[in-house]
Amino acid sequence: MLRNLAVSVVDWCWHRAATVVAVAALLTVLLGLYAAKTLTLDTDESKMISSDLPFRQVERAIDAAFPHSTDRLTVILDGPSVEMAEDAIERLGQALPARHKGLVNAASRPAEEMFFRRNGLLFLSLSEVTALTERLVQSQPFLGGIARDPSLRGLLGSVDLILQGVAHGQAQPADIEPLLAQLEAPAAAAAAGKSVAPVDWQGLMSGGGAKDTPRRFLMVQAALNYGELEPGSDAIDAIRATARDLGLTAANGYHLRITGQVALSDANFATVAEGVEISAPLSLLAVLGLLFWGVRSARVVGAIMISLVVGLVATAAFAAATVGSLNPISVAFAVMFVGIAVDFAIQFVTAYRNERYLKGEAAAAILASAGTMAAPLSLAAIATAVGFLSFLPTAYTGVSQLGLIAGGGMIIALVVDFTVLPALLALLKPHPEKEPVGLRLQAADSWLRRRSRPIVWVGGAIALLGAALLPIMKLDFDPLHLQDPKAEAVSTFLDLARDPDNGVYAVEALAPSVAEAARLAARFEALPQVHRVMTIETFIPDGQDDKLPLITDAAMVLGPTLSPARVMAKPSPEDLLAAISKVAGQLETIAPDHKPSQSLARHLRRIAEQGAKAAMALDHSVADGLPGLLSSLRRSLDVEPVTLDSIPAELKHEWVAADGRARIQVLPKDSMQDQEARNRFNAAVTAITPAMSGAPISMEQSGRVVIGAFAIAGLGALAAIGLLLGLMLRRVLDSVLVLAPLLLGAMATVIAARATGIALNFANVIALPLLLGIGVAFNIYFVVNWRNGITDHLSSPTTRAVLFSALTTGSAFGSLAMSPHLGTASMGLLLFLSLGLSVAATFVVLPAIFHLIGSPSNGTPK
């Protein structure tokens with residue numbers, strides 16, 4: 001029945017070729033327009049795992065409690081100095097929402113950082129507060145000078161004032177050595193005409209190296225377009241453009257980087273797209289070249305390529321109708337379709353060319369090939385579709401959608417190969433074959449016949465070894481390991497991850513109240529795997545009663561000094577040169593035997609001789625950070641007792657939800673890049689409460705979901721394919737023969753992956769469904785040949801078709817391995833390995849099994 005139906009359909013299409021091709025072209029255009037209009041791309045990676053899973057429910061609960069914390073870009077700005085970085089990040093934060101309304105919804109400093117900058121003195125020890133406040137009071141003359149005149153002129157005026165004290169015996173030259181040391185390097189550089197580094201004023205005030213660093217953070221809440229490949233690209237471009245407009249460039253000593261989940265996702269897809277730009281042309285050239293080599297006819301290659309386009313467009317329309325929106329995994333349906341549909345087309349065309357050689361007449365050859373291929377192609381397409389559809393019920397939504405689309409695509413490919421492809425062959429009229437289509441591998445067939453028993457034994461041993469290695473196969477579900485480590489968002493994230501205090505790998509939990517959060521925090525802090533625990537109570541400092549009087553006294557003394565009634569206008573170059581010359585003379589006269597004073601005096605003299613340009617360079621170096629220093633001091637001295645009720649609303653908003661639930665943040669001690677350390681940390685924290693969320697939890701749980709989904713779906717696919725083969729072939733043996741090389745190829749792939757160090761990850765795990773699809777199809781062709789009495793399997797036209805089908809598909813996979821995206825590259829490599837090993841099992845082990853079994857009792861069911 002199936003044979004008769006296939007012959008009738010092909011005969012009708014052959015004799016109405018022009019009509020069939022015209023209708024196919026019209027349908028392709030219409031379906032293409034429908035797919036282009038309807039099919040969308042959703043790059044939200046969070047939707048790739050079912051939201052009903054427990055860890056995803058915890059994530060959603062925390063996101064719902066603190067919605068402002070999601071979908072943010074993290075801007076990291078490193079400046080020439082602490083003060084200049086502070087000034088720059090403030091200007092950037094104000095400019096972004098003002099200049100990009102509708103795109104940048106908010107740009108704010110981290111509430112925790114701003115709180116600690118204002119109340120930082122309260123978190124120092126009592127001895128540190130005492131020493132610092134005394135030093136600030138002693139610096140009152142200096143601070144007063146730069147507060148009235150925050151420029152090089154004011155700074156040198158303060159130096160002059162101190163020198164007057166030295167001249168009158170009220171001070172010693174050693175008293176101004178810290179200040180002279182700060183001026184020495186920039187003055188020397190300006191005198192030599194070199195680039196002048198900013199002064200570390202914070203280090204001077206703290207009595208040592210700066211405890212702060214010239215790095216500032218800005219959290220940007222932007223409008224994201226998940227219909228684009230890079231949802232945050234417009235916002236990222238806006239941030240960079242604004243920074244350039246504000247002069248925050250490398251030429252001015254600034255280094256701006258952007259990371260965060262949105263930027264990481266964008267970098268991921270940008271690298272994937274870059275890889276496609278590399279692999280697509282390579283793949284196309286390789287496929288065309290191999291097709292031409294395999295079928296030796298440009299007209300036949302044209303027919304195959306056109307039929308692939310027709311089928312691919314129809315499959316895209318099917319995807320639009322069934323799922324509507326593609327995710328980052330299901331978008332690979334195109335690779336799946338081409339990889340397997342090209343095999344169907346090559347099988348049909350090879351059968352046609354073989355019949356054309358035998359019969360000579362094209363019409364008779366096409367009908368004979370339709371009859372020959374009806375059963376194996378239909379069985380292969382249906383079995384492959386069943387294998388793909390077995391992934392439909394899994395919790396891995398990305399692959400679930402891929403299974404639905406690819407499964408439908410297999411049926412579409414089958415229909416196209418029995419309708420459009422024969423019509424194209426009729427219109428293009430390829431030349432008849434001049435020699436047999438099969439490969440000249442009779443000697444190899446003879447060798448397989450003689451060595452069939454040891455070959456089967458070796459195959460069995462490989463399968464057993466692979467099965468033994470399967471439970472310990474290396475797994476790596478860290479999404480960062482899929483990305484290009486040189487991408488800015490990735491390298492920046494990894495840079496931040498080196499310091500556990502940055503909290504990029506923190507996990508979180510929700511407590512019903514602040515009090516309960518404190519109790520849970522105490523339990524987390526007792527864990528050896530934990531570096532630090534934070535709750536809202538973390539922001540209440542200890543010993544305030546002892547520290548506040550010291551800070552208040554310093555504020556009373558310095559308050560009027562830091563906020564003068566009048567600030568002098570910016571000095572002119574002439575003013576600067578006059579101040580430089582005056583202080584140089586004072587240093588030479590008052591401290592002639594003091595080496596630091598004389599060194600600075602020489603530099604100042606040279607700057608005065610060089611003129612305005614050198615003076616302005618020195619002014620820029622020493623004065624640009626002074627307003628920031630003064631502002632920071634005023635803010636630090638303006639403190640009040642901190643209680644739970646007095647914590648600023650913007651900070652409380654980050655840690656206590658509107659309904660009173662409190663956030664607990666747990667920072668790991670060890671590197672979360674290490675899988676064993678990550679597993680220990682996850683086990684420890686979830687033992688206290690399983691309702692945890694964060695990158696380490698997500699990596700582990702997502703990995704379990706993916707492995708579980710593929711294990712269940714893989715076993716289900718094998719069972720479904722086996723049942724289908726049993727029903728269609730009506731022989732248990734034939735079903736076993738189809739599946740045995742498939743399992744051998746899979747176990748050999750496990751061995752190869754172990755030997756080459758390839759870990760199973762979110763990207764290359766899709767090798768399993770593709771291996772099922774291609775492997776089942778290849779094996780079915782050989783089993784059907786065996787049932788039809790073919791004994792020289794490698795010399796048959798089927799082997800030629802399978803070989804060139806595997807080569808074309810393998811070339812496409814090999815090109816993926818050239819991608820800069822590590823996930824895509826690993827996927828291409830694993831697919832290439834699994835395909836090669838599966839084909840080897842089909843070409844070597846399966847014929848050996850046939851020779852051991854002997855001739856079948858009868859042919860294939862019709």
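Contact here means heavy atoms within 4.5 Å. Axes are lines fitted to C-alpha atoms, for helices over the stretch in contact, and angles run from 0 to 180 degrees between N-to-C directions. Helices (H or I, at least four residues) and strands (E, at least two) are DSSP runs, numbered from the N terminus. The model is predicted: local features need pLDDT of at least 70, side-chain atom pairs count only at pLDDT 80 or more, and totals for chains, interfaces and linings use all residues. Residues are numbered from 1 along each chain as its sequence is written, and side-chain values use heavy atoms, with hydrogens and water left out.

**View 1. The open sheet β3-β4-β2-β5.**
Four strands stand in this order, with antiparallel pairing; two strands pair if DSSP finds at least two bridges between them. The edges are β3 (104-108) and β5 (255-259), and each pairs on one side only. Neighbouring strands are turned by 25 degrees against each other on average, direction ignored. Seven bridges link β2 (residues 72-78) and β4 (residues 215-222) in the antiparallel sense. Asp 78 has Arg 215 of β4 as its bridge partner.

**View 2. Two helices on the sheet of View 1.**
Helix α11 (residues 233-245) packs on the sheet and touches β2, β4 and β5. The direction of α11 makes about 165 degrees with that of β5. Helix α19 (residues 488-497) lies across β2, β4 and β5. The angle of α19 to β5 is about 95 degrees.

Strand β7 (residues 507-511) runs antiparallel to β10, joined by two bridges. Here Glu 508 has Ser 693 of β10 as its bridge partner.

**View 3. An edge-to-face pair, Phe 348 and Phe 418.**
A search of the whole structure finds eleven aromatic pairs. Rings of Phe, Tyr and Trp (its six-membered ring) pair if their centres lie within 6.5 Å; planes under 30 degrees apart count as stacked, over 60 as edge-to-face and the rest as tilted. In the pair of Phe 348 and Phe 418, the centres are 5.4 Å apart and the planes make 80 degrees. Phe 348 lies in α14 (residues 333-359) and Phe 418 in α16 (residues 397-428), so the pair ties together parts that are 70 residues apart in sequence.

**View 4. The second largest pocket.**
This pocket holds about 740 Å³ of space. On a 1 Å grid over the protein atoms alone, a cavity is a set of points where a 1.4 Å probe fits but cannot get out, and a pocket is an open set with protein on both sides within 12 Å along at least five of seven lines; lining residues have an atom within 4 Å of a point. Grid points are joined across faces, edges and corners, and a volume is the space filled by probe spheres set on the points. The lining has 25 residues, with Leu 470, Met 747, Val 750, Leu 760 and Leu 768 nearest the centre. Helices α28 (695-729), α29 (732-756), α30 (767-787) and α32 (822-853) each supply at least two lining residues.
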